[in-house]
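Colleague: Hi! Could you walk me through this structure in plain words?

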Amino acid sequence: MSDTHVPSRVFPRARQDAESAKTGIHTPQTSDPAYRLAFQDMDFLLREDLRPVRFQLELLKPQLLLDEANIASTFVMYGSARIPEPAKAQALLELATDDESRRIAQSLVDKSKYYDVAYELAQLVSAFPIDENGKRQFVVCSGGGPSIMEAANRGAVEAGHETIGLNIVLPHEQAPNPYVTPSLSFQFHYFALRKMHFLLHARALAAFPGGFGTFDELFELLTLIQTGKIKPIPVLLYGRDFWNRVVNFEALVEEGVISKRDLGIFTFVETAEEGWEVVKNFYRDAPVEGLPIA
């Protein structure tokens with residue numbers, strides 16, 4: 001019996017059945033949509049009452065692919081899709097034709113330095129060594145779009161490392177930036193599941209100046225940490241002047257709607273080196289399995 005082969009499976013694989021289902025037999029029965037295999041029937045999968053199944057699929061697909069890529073943790077970077085790299089920001093300023101457009105263009109020029117900072121931070125964090133189990137830590141992850149997101153992916157790729165992009169279907173077409181690793185470029189229909197995937201593997205997060213999207217993603221994380229729904233991770237806010245101008249954190253304390261200690265959830269930083277040092281110190285003080293920081 002030692003040389004007896006026991007098959008690993010006896011049922012055909014789904015792919016095999018899917019091929020077999022492409023029958024050339026045409027009858028009223030085989031021509032009706034009811035006869036399609038459920039997993040090949042797009043009209044069925046897109047029904048309103050199949051939304052819970054689509055939730056599960058959208059949650060599961062990126063998770064499986066990240067696991068197969070041996071990605072254990074990510075370093076997430078949020079930031080505006082409207083802050084270009086310095087040269088492009090300067091070009092916008094030169095093209096401005098009135099006071100209002102010049103004011104906005106100058107503001108973007110002032111913030112364009114964070115494109116370079118995001119790029120530099122990505123280069124630092126993506127160099128983190130693979131652990132003893134072959135798992136990759138602090139893999140750079142962005143929303144997959146332009147500007148600050150592009151800078152994050154670009155920094156990692158130009159340092160020779162793979163990088164993740166979590167894109168979203170929008171009414172106006174938004175292609176992933178060219179620096180996202182194709183096999184780690186994911187597209188989401190549901191904002192909620194996209195935000196969940198941002199945080200499932202995140203072990204550090206940097207938020208650069210941004211608008212509604214950045215606020216939405218950042219404040220969900222702050223709330224999760226504040227309420228104890230997730231363990232604290234390093235949260236870096238780049239641009240103290242920007243954040244204190246658009247959000248009066250101290251006023252929230254004075255109004256009694258958050259506590260003073262809640263201001264300790266995040267750290268203001270300016271440079272890539274400063275932010276990376278905050279993360280390293282965090283894990284030296286509170287070591288996590290799989291994240292040895294020398």
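Modeller: Happy to, and let's begin with one term: a crossing of two helices is called left-handed if the near helix is turned anticlockwise from the far one by less than a right angle, and right-handed if clockwise. In this predicted model, H5 passes H6 in a left-handed crossing.

Colleague: Nice, so at what angle do H5 and H6 pack, and how far apart are their axes?

Modeller: The angle is about 165°, and the axes are 8 Å apart. Angles over 145 degrees count as roughly antiparallel, so H5 is roughly antiparallel to H6.

Colleague: Which residues meet there, in H5 and in H6?

Modeller: From H5 you have Ala89, Gln90, Leu92 and Leu93, and they meet Arg102, Ala105, Gln106, Leu108 and Val109 of H6. The residues of this contact between H5 and H6 split into six nonpolar, two polar and one charged.

Colleague: Let me step back a bit. How many helices and strands does the protein chain have?

Modeller: There are 13 helices and seven strands in the protein chain. Its C-alpha trace spans about 70 × 55 × 45 Å along the principal axes.

Colleague: And what share of the residues counts as buried?

Modeller: The protein chain has 294 residues, and 40% of them count as buried. Here is another number for the whole chain: among contacts with a separation of 6 or more, 68% are between residues 24 or more positions apart.

Colleague: Back to helices. How do H9 and H10 cross?

Modeller: H9 covers residues 191–200 and H10 covers residues 212–226; their axes come within 11 Å and cross at roughly 60°. H9 and H10 are therefore oblique to each other. The crossing of H9 past H10 is right-handed.

Colleague: What kinds of residues make up the contact of H9 with H10?

Modeller: On the H9 side are Arg194, Lys195, Phe198 and Leu199, which meet Asp216, Glu217, Glu220, Leu221 and Leu224 in H10. The residues of that contact of H9 with H10 divide into four nonpolar, no polar and five charged.

Colleague: Which salt bridge does Asp216 make?

Modeller: Asp216 and Lys195 meet through their side chains in a salt bridge, at 3.0 Å from N to O. Asp216 is in helix H10 and Lys195 in helix H9, so the pair ties together parts that are 21 residues apart in sequence.

Colleague: Is Lys195 buried or exposed?

Modeller: Lys195 is buried, with 13% relative accessible area. Asp216, at 36% relative accessibility, counts as partly exposed.

Colleague: Why do such side chains pair up at all?

Modeller: Side chains of opposite charge can pair when their charged atoms come close.

Colleague: How many salt bridges does the structure hold?

Modeller: It holds 16 salt bridges. Some are joined up: Glu85, Lys88, Arg154 and Glu158 are linked in a network of them.

Colleague: What does Lys88 pair with, and how far apart are the closest N and O atoms?

Modeller: Lys88 forms a salt bridge with Glu85, and the closest N and O atoms are 3.7 Å apart. Lys88 is partly exposed, its relative accessible area being 49%.

Colleague: What about Arg154?

Modeller: Arg154 also forms a salt bridge with Glu85, with the closest N and O atoms 3.9 Å apart. Arg154 lies in helix H8 (residues 148–158), while Glu85 sits in the loop between strand S1 (74–78) and helix H5 (86–95), so this pair ties together parts that are 69 residues apart in sequence.

Notes. Residues are numbered from 1 along each chain as its sequence is written. This is a predicted model: local features need pLDDT of at least 70, side-chain atom pairs count only at pLDDT 80 or more; totals for chains, interfaces and linings use all residues. Side-chain values use heavy atoms; hydrogens and water are left out. Axes are lines fitted to C-alpha atoms, for helices over the stretch in contact, and angles run from 0 to 180 degrees between N-to-C directions. Helices (H or I, at least four residues) and strands (E, at least two) are DSSP runs, numbered from the N terminus. Angles under 35 degrees count as roughly parallel, over 145 as roughly antiparallel, 65 to 115 as roughly perpendicular and the rest as oblique. Contact means heavy atoms within 4.5 Å. Ala, Val, Leu, Ile, Met, Phe, Trp, Tyr, Cys and Pro count as nonpolar, Asp, Glu, Lys and Arg as charged, and the others, Gly among them, as polar. A salt bridge is a side-chain nitrogen of Lys or Arg within 4 Å of a carboxyl oxygen of Asp or Glu. Buried means under 20% relative accessible area, exposed over 50%, partly exposed in between (1.4 Å probe, protein chains only).
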